[in-house]
Amino acid sequence: MQTTASPKRTSSGSGRFLREYGWAYLFILAPVLLFLVFTLYPVASAFVMSFQQYQVMGSTWIGLDNYKHMIGDDVFWKSIRNTVIFTIATVPVNILITFVLAYLIFQMKNKAQTFFKATLYLPAVASGVTISVVWLAIFDPTDSGLLNRFLGLLGIDPVIWLGQSGTALFSLILMNWLGSHGAGIILYLASMGGVPKSLYEAADIDHASGWTKFARITWPLLKPTTLYLLVTGIITSFQVFISVYLMTQGGPNFATTTIAYLIYQTAFQFYEFGLASAQSFVLALLIVIVSVLQFKAFSSDVEY
Amino acid sequence: MARVEFRNVRKEFQDHSKESFTAVAGSDFVINDKEFVVFVGPSGCGKTTSLRMIAGLEHQTSGDILIGDRVVNNLHPKDRDIAMVFQDYALYPHMTIRDNLSFGLKNLKKPKAYIDQKVKEAAAILDMEPMLGRKPRELSGGQRQRVALGRAIVRDPQVFLFDEPLSNLDAKLRVQMRVELSELHKRLGATIVYVTHDQVEAMTLGERIVVMNRGIIQQIANPTELYAKPRNMFVAGFIGSPPMNFIDASIEGGRVVVEGGSFELPAAKLDALSPYAGRKLILGIRPEDIHGEDYAPGLETSPHRMNTHIQVVEHLGSENLLYFHIGGRLVTAKVHPETKAYPGLEKPFIFDMRKAHFFDPDSEQRIEI
Ligand SMILES: Nc1ncnc2c1ncn2[C@@H]1O[C@H](COP(=O)(O)OP(=O)(O)O)[C@@H](O)[C@H]1O
Ligand SMILES: [Mg+2]
């Protein structure tokens, strides 16, 4: 078989090079073009836009005004606070739930494993909209709402879950806890399966208790997966939008306004594209900083 | 105190179609205190399964297992006072070598000073003090091997179990580790059960050898006896390299007749073979017991000669391997390199009948003569 492994340098070097490698570059070109047109260009122009008073016809350069305005805006700080609370409340709990479910499933026989994997993955297939609609019914503030009816059985008065500042953000958090863990479960299961059985046998012979095996072998060896879920979880959570948009529209009194929702509002309700761009860059910067910090904090003792 | 005994131990595995497969069929043996016993046999013959049953990692389908004087049938691995070296070493990849070594002792809640002392000793014995701070992935195969050994040593177990510990090493390192293992055994004075598929390893390491095939123990004997008196054709063919030659033969008129020749036998031996008169049997002779007529020290006057037609010659330096056919079977002779030989040459060979074996062709058992 003819391969392209050994290009010969001849007088017609460039022609030969193109003939042998041309296709490869052509194939690479497609994704690179897509990236340039739909990612790099918008990001770059948004960066420029964040220093402008945006108008469809001829924006004006206003320097750091957008950023100054943003910093002086109480709602902006509140949105950061909400986002951080949401993230801290959801991500670790979600990882814990995911891990426990995966650990339980891992002990099961083949068929039961398949059943639970499929069942728990199902919500990941359903769209966020569908799930939000279901949760709107659960959080229905009247006493016919599912959650309120359940509380009624316990003799607790109906709660206006999404309609008051005190419970709105918590409601979104609760919904997130009980949301989809399927993808994480699959990842954990894969890495649990990747831990050689002989390590546990060696540990058995080494007098390790069940807890020791978990704490000294399983958990450390699954750290790369945990780190991955932590980083992706935080990134996703920093951008939480759909549930806010569909269920509370950021209210009441900005109690559930997250950064992503604020950006949406600024851009598409107030048409302040310049300000929205500035907010986007702050969000991006936050995500980068947090991710780097996490890798710094965890990667030293992660065994890849 | 640390003998290991199997009493009619069976192990069956259920496969996916729920059919049972017998991995170990009724094993009976006693391994004495401080003895180095090697289990050897082809891949899949049930060696690892036997070892894992001693360790308690696999539970026997029936039969009794004793360690020391205790029946350990229902004991958890940690309560059997054994240590095991796994084929893939099974080092904890995320722990330093020091932690790998001390893991078992920490689980036993030994005092820190004791643990440090033990780790230090093991590191000294195995020459790995500089590696204690490293992780397994930063070590070579041979070094990992040592760590696996060390992890077993620090525990001072009654019985050491080894599952093909040298199979992942290169040939040179293997020879070196073989010597070290022998020395370690003398030094520790422990009972060692060692599994390998390599008969050279078995012969050099084992004080006694258990030869297995298809889940059945074929013979238990020391290396000399195994070589000189294999119980059946399987053992005869498995022990020794190149393997023993098997040639179709018959007894006619007081002589052993093979295609192209015959050999006279002393009356005493003929007596033992008399039930086979007029029937087929199998002559077994090792390659090193066939000599070229021109180089057969001590056998110059032997009457047991036969002309053969050399087909292939392999030069190994210290010896040459010659191949020819007798009665449709390929026969190997391992001869002194000064023996004149080239493909196509027809010359007389001397068969050392003092060392010949005879086997029943139906039962494949060796006929004691
Ligand atoms: N857990 C298991 N399930 C089913 N069959 C097994 C299992 N472990 C071993 N076997 C089978 O038992 C036989 C003996 O295996 P083993 O003891 O590992 O052989 P070896 O002598 O090569 O170490 C093999 O045929 C193997 O396929
Ligand atoms: Mg094996």
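**Ligand, domains and chain interface**

An oxygen atom of ligand 1 sits 2.5 Å from an N or O atom in the side chain of Thr48(B). The model is predicted. A backbone N or O atom of Gly44(B) is 2.6 Å from an oxygen atom of ligand 1. For Cys45(B), a backbone N or O atom lies 3.2 Å from an oxygen atom of the ligand. On its own, ligand 1 exposes 560 Å², and the protein buries 62% of that area.

Now look at what surrounds the ligand.

Step back to chain B as a whole. Its domain assignment gives domain 1 as 4–230 and domain 2 as 245–359. The centres of the two domains of chain B, taken over C-alpha atoms, are 40 Å apart.

Chain A is also assigned two domains: domain 1 spans 7–49 and domain 2 spans 67–298. Their centres, again over C-alpha atoms, are separated by 38 Å. Four residues from domain 1 of chain A and four residues from domain 2 of chain A make the contact. About 350 Å² is buried between these domains, with carbon and sulfur atoms giving 74% of it. On the side of domain 1 of chain A, Ala46(A), Phe47(A) and Met49(A) lose the most area to domain 2, together 90% of what that side buries.

By class, the side of domain 1 of chain A that touches domain 2 has four nonpolar residues, no polar ones and no charged ones.

Turn to the interface between the chains. The size of an interface is often given as the accessible area lost when the parts come together. Chain A and chain B bury about 2,000 Å² between them, 59% of it on carbon and sulfur atoms. The contact takes 17 residues from chain A and 25 residues from chain B.

How many salt bridges cross the interface of chain A and chain B? The rule finds two. In one salt bridge, Glu201(A) pairs with Arg52(B), and the closest N and O atoms are 2.7 Å apart. Across the interface of chain A and chain B there are also nine residue pairs in polar contact, both residues at pLDDT 80 or more.

Methods
Residues numbered from 1 in each chain as written. Chains lettered and ligands numbered in written order. Predicted model: local features only at pLDDT ≥ 70, side-chain atom pairs only at ≥ 80, totals over all residues. Heavy atoms only, no water. Domains from an automatic or database assignment. Contact = heavy atoms within 4.5 Å. Buried area = accessible area lost by both parts, 1.4 Å probe. Nonpolar A, V, L, I, M, F, W, Y, C, P; charged D, E, K, R; others polar. Polar contact = N/O pair within 3.5 Å; in protein donor to acceptor, adjacent residues only side chain to side chain. Areas by Shrake-Rupley, 256 points an atom, 1.4 Å probe, with all protein chains shown as cover. Salt bridge = Lys/Arg side-chain N within 4 Å of Asp/Glu carboxyl O.
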